[in-house]
Amino acid sequence: MSSKKLIFVTGINGFLGSHIVDQLIKAGYRVRGTVRSAKVDFAKESNAIHGADVEVVAADDLAFGDFTDALKGVHGVIHAAAPLIGRDSPENALTASIEGAVNVLHQAEAAGITRFVLVSSIVTVMVTTLGDNTVSFTDKDWVDTSREKALASNDPSFVYVSEKVLAERAVWEFAEKHPNIDVTTGGLIVNPPYFIGPFAPNFRFSDALVSQQSTNALLYTLILPNGKFFAPVLLPIDVRDVARATVLALATTTGATVERKRLLLFPHTVSWKEAADTLEAARPELKNRISKHALTDYVHPAPANPVDNSKSIAVLKFGKFIDWKTSLLDGVDALIAEEKKFAKEGKTFH
């Protein structure tokens with residue numbers, strides 16, 4: 001039997017989830033990861049490079065499923081799976097996000113597991129005022145929402161924000177009633193919603209779908225001549241940094257020095273014009289592909305960073321963030337490489 005600690009990770013087939021697996025293996029852990037039943041074989045093939053250190057199990061219902069067997073022998077849990085914006089009804093999305101997080105945590109606690117990391121989002125802290133350089137945010141800030149407000153909004157983006165807020169609050173409420181559990185949430189992974197960068201070695205596309213690019217779709221928009229952005233500025237963090245922070249959180253003990261390990265990671269604010277100029281200078285062969293809107297419609301400078309990352313860096317002993325230009329170029333290079341693979345099959349991203 002292996003002496004490596006076993007970590008249970010939800011959503012291992014995603015952009016971030018695959019990086020979390022990759023970094024856990026490099027850090028000396030074993031992984032038992034979940035995907036939907038229909039994707040088990042595909043995920044096993046993708047993670048075959050890690051050999052016996054990665055086990056794939058089916059989980060079709062995180063909100064109400066029974067994970068008793070899947071949690072046997074597990075040292076810690078990383079809950080990274082989350083519904084995508086607009087892919088389900090608001091009611092179902094809220095239930096999957098909130099009840100999913102609590103169900104996984106509850107079953108982990110029942111199994112005697114005391115280490116739990118939740119991948120949340122910076123949108124639990126802030127959703128507006130990025131243009132106001134006088135505003136700042138801390139781990140004490142929360143976006144004001146409720147299930148009722150989310151359902152009444154008829155706004156998929158606000159529903160997503162509400163999913164993240166209410167799931168994280170539910171986890172903290174459970175943790176306060178069960179002080180034996182060591183929970184890290186938020187940034188740790190309250191981070192910008194835009195993780196960018198290369199794909200992990202164990203990540204594969206099942207088809208040429210933009211939706212499978214996750215937040216790297218922002219970079220793909222940047223290399224579409226008519227690409228228009230759903231966000232006025234790029235708020236990036238390298239996906240490798242998010243995964244690294246998640247893995248570090250498993251072994252981080254703060255004692256009484258941090259009331260809650262709700263750690264914000266928000267390293268960069270970048271204008272689309274600056275991103276486009278950087279890409280054109282570093283990859284001149286892509287000049288004719290760069291979004292004209294990035295060069296003409298998003299010329300305003302990026303706002304000052306409204307988040308102080310010092311607490312997160314200190315608690316996690318994190319070190320330095322990967323430079324956003326490196327993340328940008330690595331991400332674009334990875335997307336171009338995938339484009340070429342699909343071109344051989346006569347496919348294009350759609």
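These questions and answers concern a predicted model.

Me: Which residue caps the N-terminal end of α5?
Reply: The cap is a side-chain oxygen placed 3.0 Å from the backbone nitrogen of Ser157. That oxygen belongs to Asp155.

Me: Is Asn154 buried or exposed?
Reply: Asn154 sits in the loop between α4 (147–153) and α5. Its phi is positive, about 55°, although Asn154 is not a glycine. The cut-off for exposed is over 50% relative accessible area. Asn154 has 73% relative accessibility, so it counts as exposed.

Me: With which side chain does the side chain of Thr68 make a polar contact?
Reply: Thr68 belongs to the loop between β3 (54–58) and β4 (76–79), and is partly exposed with a relative accessible area of 46%. Its C-alpha atom is 7.1 Å from that of Gln107, 39 residues apart along the chain. The polar contact, at 2.5 Å, is with the side chain of Asp66.

Me: Which residue in β3 is the bridge partner of Arg32?
Reply: Strand β2 (residues 30–35) and β3 run parallel and are joined by five bridges. With helix α2 (residues 40–46), these strands make a right-handed β-α-β unit. In β3, Arg32 has as its bridge partner Glu55.

Terms used:
Residues are numbered from 1 along each chain as its sequence is written. This is a predicted model: local features need pLDDT of at least 70, side-chain atom pairs count only at pLDDT 80 or more; totals for chains, interfaces and linings use all residues. Side-chain values use heavy atoms; hydrogens and water are left out. A polar contact is a pair of N or O atoms within 3.5 Å; within protein, one must be able to donate a hydrogen and the other to accept it, and residues adjacent in sequence count only if both atoms are side-chain atoms. Helices (H or I, at least four residues) and strands (E, at least two) are DSSP runs, numbered from the N terminus. Buried means under 20% relative accessible area, exposed over 50%, partly exposed in between (1.4 Å probe, protein chains only). Two strands pair if DSSP finds at least two bridges between them. A crossover is right-handed if, with the strands pointing away from the viewer, the path from the first strand over the helix to the second runs clockwise.
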